[in-house]
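Here is a friendly note to read alongside the model. Take a look at the structure first, then follow the points one by one.

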Amino acid sequence: MSKSGRTAVVAIAGAVVLFWLFGFWPALAVLIGVPVLAYLLLDPSQRRRVRGMSRKQLGR
């Protein structure tokens, strides 16, 4: 299994556990809030790199 596949499986398992422990809305807030907070904590140059990776820039 690829690294991204393993990450997806762990994320789904974590989401199921959060939903089971806390309910729908608190778990949804954690699942959305943590990645957004992590992105906002990056420097502007690091954000550019992340955006470039998501756009699959060719020629680099």
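1. Start with helix H2, which spans residues 24-40 and supplies six residues, the largest share of the nonpolar patch. Please keep in mind that this is a predicted model.

2. Which residues form the nonpolar patch on the surface? They are Phe-19, Phe-24, Trp-25, Leu-31, Ile-32, Val-36 and Leu-40, and together they have about 700 Å² of accessible area.

3. Now pick out Phe-24, which is found in helix H2. Is Phe-24 buried, partly exposed or exposed? Its relative accessible area is 45%, and partly exposed is the class between under 20% (buried) and over 50% (exposed), so Phe-24 counts as partly exposed.

4. In one of them, Phe-19 and Phe-24 are stacked, with 5.6 Å centre to centre and 10 degrees between the planes. Phe-19 is also partly exposed, at 31% relative accessible area.

5. Phe-24 also pairs with Trp-25, and here the arrangement is edge-to-face: the centres are 4.7 Å apart and the planes make an angle of 80 degrees. Trp-25 has a relative accessible area of 63%, so this residue is classed as exposed.

6. Finally, find Tyr-39. What lies over the face of its ring? Arg-47 does, at 5.5 Å from the ring centre.

Key
Residues numbered from 1 in each chain as written. Predicted model: local features only at pLDDT ≥ 70, side-chain atom pairs only at ≥ 80, totals over all residues. Heavy atoms only, no water. Patch = residues over 30% accessible without salt bridge, like charges linked within 9 Å, V, L, I, M, F, W, Y side chains within 5 Å. Areas by Shrake-Rupley, 256 points an atom, 1.4 Å probe, with all protein chains shown as cover. Salt bridge = Lys/Arg side-chain N within 4 Å of Asp/Glu carboxyl O. Helix = DSSP H or I, 4+ residues; strand = E, 2+ residues; numbered from the N terminus. Buried < 20%, exposed > 50% of the residue type's maximum accessible area, 1.4 Å probe, protein only. Phe/Tyr/Trp six-rings, centres within 6.5 Å; stacked < 30°, edge-to-face > 60°. Lys NZ or Arg CZ within 6 Å of the ring centre and 35° of its normal.
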